[in-house]
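Biologist: Could you walk me through this one, please? I would like to start with a sheet and then move on to the core.

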Amino acid sequence: MEPPDARAGARRAPRLLVLALLLAAPPGSKAEVRLSVPPLVEVMRGESVTLDCSPLGTHDYFMLEWFLVDRSGARHRLASAELRGSELRDKELNSRGRSPPYQLDSQGRLVLPEAQVGDERDYVCVVKAGAAGTAEATARLKVFAKPEAPEVSPNKGILSVMDDFAQEIATCSSRNGNPAPQIMWYRNGQPLAVPLEVNSEGYMTTRTVREASGLLSLTSTLYLRLHKPDREASFHCSVHYYLPAGQHGRLDGPSFSLTLHYPTEHVLFWLGSQSTAEGWVREGDSVQLLCQGDGSPTPEYTFFWLQDKQEDVLKTSLEGNLTLERVQRNQSGTYGCRVEDFDVPEDAELSKTLELRVAYLDSLELSAGEELSLPLHNSTTVTCSARGLPTPTLYWTKDSAPMGEDPTLSLHSVTFDSAGTYTCEAYMPRIPLLSRTRSFRLLVQGTPELKAKETQPKAEGSWTEGDEVTLICYARGYPKPKLTWSQLGGSPTEPAPGGQGWVSSSLTLKVTSALSQDGVSCEASNPLGNTHHVFHFGTVAPQTSQAGVAVMAVAISVALLLLVVAVFYCMRRKGRPGCCQWGEKGSPPPGEPKLSHSGSQRPEQTGLLMGSASGGAKHGSGGFGDEC
């Protein structure tokens, strides 16, 4: 088959063909008619095309005829006309059943509306110019049609890679094109160089059909010998077609894949559940065993458990998976999977095995019970035992604080600080989320330990009678101590903030002189003994009377007020005889009434009263007067 552009050289851009015809003329004279006719005209189907036939030079009269040449070479006149000057007359047309019909324009050109494939013919233009002679030229019309998108019919069956001959892969069809298109095949985007000759590796066949419309349809069938890698290959076909001016186009069909039958070559067998690199799983988990062969169709899988070199068949299925629910430690061992594929050679190895290791950890055992009582300053050891596989690691904590990795916990000369919760934890570094713990509580027996919150910030000797103070005592020990006070009003004994076995009680009271001598004591007691603490206040200053201070302040305020009024009064009376001279002996000024004074009145008080009475008599107002 020719490549898409094999004939491109025959359809270059139309070139102008000038025909020179030397026609018969009377002896001794020369005449010729020259025509301008394109030898090849290309058009797309459905478009209108015009065939030109123009005599060169000036001619006052000529007759023009257009002929259609059929496949046998016979000519059939389509149109004729006479040209006188610049006017075309006596036009005659014969459409020969074409629809729409042929047309002749004002310049004598033949017009073919809506070009069809059947219009692909040679068209002859004949010009008769009388004495100048007769000339003719031929124009060939080429009509192009873009084909429809390709349709693909792949082989839906199961194709075996074990066959040693080429099998039918797919058929690709393209309809209604002109000229006939070409079909090419591709695998994974790369063109397949397959010949048309039948052979065992691969070839293709083609068939071209001319439709009733005159258009061409092409069908191509691909045959290949298949191999295992073709199971993942993508195939498709494309149609290459021609266009005017040497151009061409391409239409791609949909891609498809094949279903192949090939034997198993390799088997994979693994743990689908979470496990370690060594194959450890936790006891009680559900374990999934997965098996996969690379054969097609999917082979049958047989799962087995090797016990004393004997196969204990567990399951046979096509799914390739086996689930062991809530696996136990006695299920550790060798498990296998075998692919049952009868297309492989007898000596092919199609089974795999793996080791399933079930990790377990039993409950921990302590040499002490849940509570351990130990007298103050005594010593002891506590042992933690664990049984598991793989061997667990043990470590101790006290109140969540790590103490070290050792199965034995040594407690030397315990104190109240040693009391608390001790925990032994067993874990397996290679197996996540597999651990156990066991705890005991250490109780240290002894006379209570007591500490007091001192009466700060008052320093000794600075307390004043009536000051309020809050005293707090803390105690710890076992059995739990009770706090009491030498004064009434103490709060109940309750756990102290911060824990660690401490309890507390508080007392709020007012400081008195009696407390400075005896102090206030707090006592912590339990069946094993008691401890007490005394709060001392030192010297307590007596309290000043608040009533006497208030009276003295009022008296001083009144005296200061009277003094200010007297000074103001004297300044108003300044310069008058006898004014502000209460200290001198003598009689009051004439016209003033005598006032009797009691022995208890002071001169300042008398003067003020007089001034007030005088002012009131003369001016009738409540203010001070201007005269004595």
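Biologist: In what order do the 3 strands of the open sheet come?

Modeller: The order is 31-33-37, with antiparallel pairing, where a strand is a DSSP run of E of at least two residues, numbered from the N terminus, and two strands pair if DSSP finds at least two bridges between them. This is a predicted model, in which local features need pLDDT of at least 70 and side-chain atom pairs count only at pLDDT 80 or more, while totals for chains, interfaces and linings use all residues. Residues are numbered from 1 along each chain as its sequence is written, and side-chain values use heavy atoms, leaving out hydrogens and water.

Biologist: Which are the edge strands?

Modeller: Strand 31 (365-366) and strand 37 (408-411) are the edges, as each pairs on one side only. Strand 37 pairs with strand 33 (residues 380-385) over 4 bridges in the antiparallel sense, and one of the residues involved is Thr380, whose bridge partner in strand 37 is Leu411.

Biologist: New topic: which residues have the most contacts inside the largest nonpolar core?

Modeller: Those are Trp66 and Tyr123, in a core of 32 residues; a nonpolar core is a set of buried Ala, Val, Leu, Ile, Met, Phe, Trp, Tyr and Cys residues joined through side-chain atoms within 4.5 Å, and buried means under 20% relative accessible area with a 1.4 Å probe, counting protein chains only. Strand 12 gives the most to this core, with 5 residues. Apart from it lies another core, of 25 residues, including Leu394 and Trp396.

Biologist: And how much of the protein chain counts as buried?

Modeller: Of its 628 residues, 38% count as buried.

Definitions and conventions: Buried < 20%, exposed > 50% of the residue type's maximum accessible area, 1.4 Å probe, protein only.
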